[in-house]
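Hello,

Here is the structure I promised to pass on to you.

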Amino acid sequence: MNTLTMGTPLPQGKSIFGSSYGSRPHVGFRRVTTQHPCPVCGGKKWCQVTQDGRLAHCMREACGAIKQAKDDGYIHVLIHDDTLAMSVTRNANAFDRNRNLKTELAPLEIRDAVYSKLLELSPAWKYERELVTAPDGLLARGFAADDVMRFGALPACVNERDALAHRVNQIVADELPLYATTRGGVTVLGVPGFWEGTGGIPKLGRPTKYRSPVLTVPYRDERGNIQACQLRFPFVGKTKSSYVWLSTAEDKLDKEPRGTSSGSPLHFALRAGSYINDLPILITEGALKAEAFVALRPTMRAIATAGVGVAHTEIIAATRGRDTIIAFDSDHRQNKNVCRQLAKLVAERAVDARRIESNASTGIVVWEGAKGIDDAVLANLHLRVLDAAAWFQNLPNESAEEVSVVWQNYGFAPDAEASPNDGQEKKA
Ligand SMILES: [Zn+2]
């Protein structure tokens, strides 16, 4: 059984933690609870945290610990820096009253500064074996070594993510002292993915351990500013790879206090100096796919949404008056939902084009034999660009019925639309 109880001094103070920690005579531990789970493992029982939030005695997680505790469990340093510790302790009480409130989204320049620093301090290269050279890693998707620098990584261990959050917070606070003052020293709050841990320390990502390091995929606006990030969890065992926003949903605020939601911004993928303005803009789903596409076809630009049904209004605005080709996954013709979303996007663009009297075309890219457009390009498959009418004619019956209903609702009829490529195929 655990010998550390409320009010006991730090375990073996001076010998482990040196004079700065050892000189605090009576910083007691308190047990974690449902409201205040363990900042290391996320557990609600057994583990303990010091009152000032500097140290955790976690009973489960060895990863990232500075020391194995005498009885059982592991000692983790949560805050390394004295001044930050004092400022967050001072602010902790004020914050505590509002713990389950979300933090308002930070301005774009702050998000960009914080995420840029995060990518710099924790690049994908740091986990080369897991994220870069693995069978489903970046190189296998067709990225060159230079492209890998566009992506970051989050460590699997909570403790390492805490240290990262702390460093990013400190560096950005030093660079933007005025802004830091308005945030009580916790500059990263308001940047989706960051939230406030026990004692006010900045935290990053889920409150529990990941099974492996995860890839960080930035979502950039047209000027290259990072608005948000997605995490790609790799293929581990039988678990398929998956994407989630680095973000705190409203219903997760009890676990990630004072977090912020990312929303679903678009990603603009382009190679400055390489793309040709006259070529159509490709629309696809997922920033990684869009990046892989332009890495292989640098003369083209791509815009990615997080999903086929997401952010249509933003896509319409971003591609207004420009020729566009849509490249959703090739199973879209069999998948009624994807088909419906694609038809909706085509009709919405047509309605918008009619309103502003633009004759910009909307093509649909089709191919056989690979799922994503990036895989298709990598495998050098034959890509065909169809106009809406030709695409519609080639749909299986079930999907065609779905599309008809959508288009009727929008008063859209493909044959009536002017398109420079009517009935023709061209190579993308
Ligand atoms: Zn724990």
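Below are my notes on strands, helix packing and a few single residues. Please keep in mind that this is a predicted model.

Let me begin with the open sheet. It has 5 strands, in the order β1-β2-β3-β5-β4, and the pairing is antiparallel. At its edges are β1 (29-31) and β4 (67-68), each of which pairs on one side only. For β4, the pairing is with strand β5 (residues 74-77): 2 bridges join them, and the two strands run antiparallel.

Next, please turn to strand β10 (residues 226-233).

With strand β9 (residues 214-220) the pairing is antiparallel and extends over 6 bridges. Within that pair, Pro218 stands opposite Cys229 of β10. β9 and β10 make a hairpin that has 5 residues between the strands. In the turn you will find Gly224, with a positive phi of about 95°.

The other pairing is with strand β11 (residues 242-245), which is joined to β10 by 4 bridges and runs antiparallel to it. Here the residues to look for are Arg232 and, opposite it in β11, Tyr243.

**Helices α3 and α6**

Now to the helices. Two packed helices are described by the angle between their axes and the distance between the axes. For helix α3 (residues 108-121) and helix α6 (residues 158-175), the axes come within 10 Å and cross at roughly 130°. The two helices are therefore oblique to each other, and the crossing of α3 and α6 is right-handed.

Which residues of α3 and α6 meet? From α3 they are Ala113, Val114, Lys117, Leu118 and Leu121, and from α6 they are Leu164, Arg167, Val168, Ile171, Val172 and Glu175. The residues of this contact divide into 8 nonpolar, no polar and 3 charged.

**Helices α9 and α10**

The other helix pair I would like to show you is helix α9 (residues 312-319) with helix α10 (residues 336-355). They pack at an angle of about 45°, with their axes 10 Å apart. That angle makes α9 oblique to α10, and α9 passes α10 in a right-handed crossing. On the α9 side the contact is made by His312, Ile315, Ile316 and Thr319; on the α10 side it is made by Gln341, Lys344, Leu345, Glu348, Arg349 and Asp352. Here the residues divide into 3 nonpolar, 3 polar and 4 charged.

In α9, the residues His312, Ile315, Ile316, Ala318 and Thr319 are buried. What covers the buried residues of α9? The cover includes β12 (267-269), β13 (281-285), β14 (301-305), β15 (324-326) and α10. Just after α9 comes Gly321, which takes a positive phi of about 75°.

Gln341 deserves a line of its own. This residue of α10 is buried, with a relative accessible area of 15%. Leaving aside its neighbours within four places in sequence, Gln341 is in contact with Val308, Gly309 and His312.

**Two residues with positive phi**

Finally, here are two residues for you to check by eye. Arg258, in the loop between β11 and β12, has a positive phi of about 60° although it is not a glycine. Glu357, in the loop between α10 and β16 (362-366), is also a residue other than glycine with a positive phi, near 55°.

Are these two residues buried or exposed? Arg258 counts as buried, at 14% relative accessibility, because the cut-off for buried is under 20%. Glu357 counts as exposed, at 75%, because the cut-off for exposed is over 50%.

Happy to hear what you think once you have looked through it.

Best wishes

How values were computed. Residues are numbered from 1 along each chain as its sequence is written. This is a predicted model: local features need pLDDT of at least 70, side-chain atom pairs count only at pLDDT 80 or more; totals for chains, interfaces and linings use all residues. Side-chain values use heavy atoms; hydrogens and water are left out. Two strands pair if DSSP finds at least two bridges between them. Buried means under 20% relative accessible area, exposed over 50%, partly exposed in between (1.4 Å probe, protein chains only). Contact means heavy atoms within 4.5 Å. Axes are lines fitted to C-alpha atoms, for helices over the stretch in contact, and angles run from 0 to 180 degrees between N-to-C directions. Angles under 35 degrees count as roughly parallel, over 145 as roughly antiparallel, 65 to 115 as roughly perpendicular and the rest as oblique. A crossing is left-handed if the near helix is turned anticlockwise from the far one by less than a right angle, and right-handed if clockwise. Ala, Val, Leu, Ile, Met, Phe, Trp, Tyr, Cys and Pro count as nonpolar, Asp, Glu, Lys and Arg as charged, and the others, Gly among them, as polar.
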